[in-house]
Amino acid sequence: MSEERRNEIRGHTGYKKIIDTCRQAQWDGLEWVWIDTCCIDKKSSSELSEAINSMYKWYANAKLCYAYLHDTVGDSRRLFWKDPREPTTVSKWFSRGWTLQELIAPKVVHFFDQKWEWIGDRAELAHTLSQITRIPEDILKSRMDFEHPSVAQIMSWAADRTTTREEDRAYSLLGLLGVHMPMLYGEGKNAFRRLQLEIIRTSNDQSIFAWGLTRKFGWSSSILADDPSCFRGCDKAPVLGTLDPAYPFSWIDRGCKGSP
């Protein structure tokens, strides 16, 4: 690689983020750092599928996770935490699908602004983060170690989050919902349908059907939701039905079947 090309790469925002992340990790006494933008070979479908299915576990096992808010700095940083309901002050980090698991899975999350100045950690900012994300403070303080929310509640946290690729709205929820499935980019909204079917196969929580209770208009030809936005308003939905595996329900060609 030519020196000119190297200098061009060094000028990229992403390159600086990697260098600053490594610098912060070194300051925190860490020997290794993992960054999703450069540590996954996205040209390899098998490696990408393994990474997506394992990412939640990787975050959960990490000593700490850095949340870099590239669009928050100086006075706007302080305003951001004072009035989280004002949309102009909320970082885009909170609107991305993939960052949901980054927020919940790790033991510790440190927030930094654009200049890599300390904002705070997830536990001490739990109240404000809860206002922004609708995630209960208890979960933000202790993850899902002691309290496991319903399927509908987890879906509701992703209702207003977006991803570059449509399929990732489903794939980014795999770890949070405790399921695994292969990646099929190009399938579009069918990815979210497959996610729901996999949840039905492995869980007896019937809150997965609660999205219909919050639907204010229109109709659907399926008992399954089209995307996470259908669960907006389910942030307080409890686990519905029994979790006893002796009383399961399953998906059949004509719909859902329950066992007495």
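**Exercise 1. A serine in a loop**

Is S203 buried or exposed?

*Solution.* The model is predicted, so local features need pLDDT of at least 70, side-chain atom pairs count only at pLDDT 80 or more, and totals for chains, interfaces and linings use all residues. Residues are numbered from 1 along each chain as its sequence is written, and side-chain values use heavy atoms, with hydrogens and water left out.

Step 1. Set the classes: buried means under 20% relative accessible area, exposed over 50%, partly exposed in between (1.4 Å probe, protein chains only).
Step 2. S203 has 19% relative accessibility, so S203 counts as buried.
Step 3. Locate S203: the loop between α11 (190-202) and β4 (249-252). Helices (H or I, at least four residues) and strands (E, at least two) are DSSP runs, numbered from the N terminus.
Step 4. The S203 side chain reaches the backbone nitrogen of D205 at 3.0 Å. A polar contact is a pair of N or O atoms within 3.5 Å; within protein, one must be able to donate a hydrogen and the other to accept it, and residues adjacent in sequence count only if both atoms are side-chain atoms.

**Exercise 2. An aspartate in a loop**

Describe the setting of D113.

*Solution.* Step 1. D113 sits in the loop between β2 (109-112) and β3 (118-121).
Step 1. Its relative accessible area is 0%, so D113 is buried.
Step 2. The D113 side chain reaches the backbone nitrogen of K115 at 2.9 Å.

**Exercise 3. Helix α3**

Check the span of α3, then find its bend and its packing partners.

*Solution.* Step 1. The expected span of a helix is 1.5 Å times one less than its number of residues.
Step 1. Helix α3 (residues 45-61) has 17 residues and should span 24 Å; its end C-alpha atoms are 24 Å apart, which agrees.
Step 2. Buried residues of α3 include L48, I52, S54 and Y59.
Step 3. The buried residues of α3 pack against β1 (65-68), α5 (99-104), α9 (168-171) and α10 (174-177). Contact here means heavy atoms within 4.5 Å.

**Exercise 4. Cysteines**

How many disulfides does the structure hold?

*Solution.* Step 1. A disulfide is a pair of cysteine sulfur atoms within 2.5 Å.
Step 1. C39 is partly exposed, at 33% relative accessible area.
Step 2. C234 is buried, at 3%.
Step 3. The structure holds zero disulfides.

**Exercise 5. Salt bridges**

How many salt bridges does a search of the whole structure find?

*Solution.* Step 1. A salt bridge is a side-chain nitrogen of Lys or Arg within 4 Å of a carboxyl oxygen of Asp or Glu. The search finds eight.
Step 1. R23 pairs with D20, with closest N and O atoms 2.7 Å apart. The two are three residues apart in helix α2 (residues 13-27), so about one helical turn separates them.
Step 2. K141 and E137 meet at 4.0 Å, N to O. Both lie in helix α7 (residues 137-142), four residues apart.
Step 3. R194 bridges to E187, with closest N and O atoms 2.6 Å apart. R194 is buried, at 18%. E187 counts as buried at 18%.
Step 4. Salt bridges that share partners join K16, D20 and R23 into one network.

Conventions:
Bend = angle between axes of the 7 residues up to and from the residue.
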